[in-house]
Amino acid sequence: YGKSYRPVAQAPAGPKAPVTAQGIQLAAEVNASLLSAEAKTKLIVEIMNHEGTHGLCTKTFLKKVRKQVRPGG
């Protein structure tokens with residue numbers, strides 16, 4: 001048992017990627033961006049959470065994420 005243990009955040013149950021057409025497109029834009037891998041992962045999780053609560057990606061949400069993805073945004 002000499003290993004150090006760091007709790008790992010559990011991924012939410014359900015889809016492992018966006019499921020709506022808008023969410024899939026947005027995730028592709030995030031993955032194609034120059035953001036760090038960690039930032040990309042956080043944004044994709046945010047997209048999935050948004051889909052889970054709203055059923056789709058709202059125009060406001062799409063604008064918000066795209067602003068974060070753009071260089072200098």
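**Exercise 1.** Decide from its relative accessibility whether Glu29 is buried, partly exposed or exposed, then find its salt-bridge partner.

*Solution.* The model is predicted. Glu29 has a relative accessibility of 25%. Buried requires under 20% and exposed over 50%, so Glu29 counts as partly exposed. The side chain of Glu29 meets that of Arg66 in a salt bridge, with 2.8 Å from N to O. That distance falls within the 4 Å cut-off. Glu29 belongs to helix α1 (residues 21-32) and Arg66 to helix α3 (residues 59-69), so the pair ties together parts 37 residues apart in sequence. Arg66, at 28% relative accessibility, is also partly exposed.

**Exercise 2.** How many salt bridges does the model contain, and which residue pairs with Lys64?

*Solution.* The count is three. One of them, between Glu29 and Arg66, was treated above. Lys64 pairs with Glu46, at 2.5 Å from N to O. This pair links distant parts of the chain: Lys64 sits in helix α3 and Glu46 in helix α2, 18 residues apart. Lys64 has 42% relative accessibility and is partly exposed. Glu46, at 25%, is partly exposed as well.

**Exercise 3.** Locate the salt bridge of Lys42 and state where its two residues lie in the helices.

*Solution.* The side chain of Lys42 meets that of Glu38, at 3.4 Å from N to O. Both residues are in helix α2 (residues 37-54), four residues apart, which is about one turn of the helix. Next, accessibility: Lys42 has a relative accessible area of 53% and is exposed. Glu38, at 54%, is exposed too. Both values pass the 50% limit for exposed.

**Exercise 4.** Which residues make up the largest nonpolar core, and which helices supply them?

*Solution.* The core has 12 residues: Leu26, Ala27, Val30, Leu43, Ile44, Ile47, Met48, Cys57, Phe61, Leu62, Val65 and Val69. Helices α1, α2 and α3 each supply at least two residues of this core. In soluble globular proteins, nonpolar side chains tend to be buried together.

**Exercise 5.** Which residues does Val65 contact once its neighbours within four places in sequence are left aside?

*Solution.* Val65 is a member of the largest nonpolar core. With those sequence neighbours excluded, Val65 is in contact with Leu26, Val30 and Leu43. Checking these three against the core list, Leu26, Val30 and Leu43 are among its members.

Conventions
Residues numbered from 1 in each chain as written. Predicted model: local features only at pLDDT ≥ 70, side-chain atom pairs only at ≥ 80, totals over all residues. Heavy atoms only, no water. Buried < 20%, exposed > 50% of the residue type's maximum accessible area, 1.4 Å probe, protein only. Core = buried A, V, L, I, M, F, W, Y, C linked by side-chain atoms within 4.5 Å. Contact = heavy atoms within 4.5 Å.
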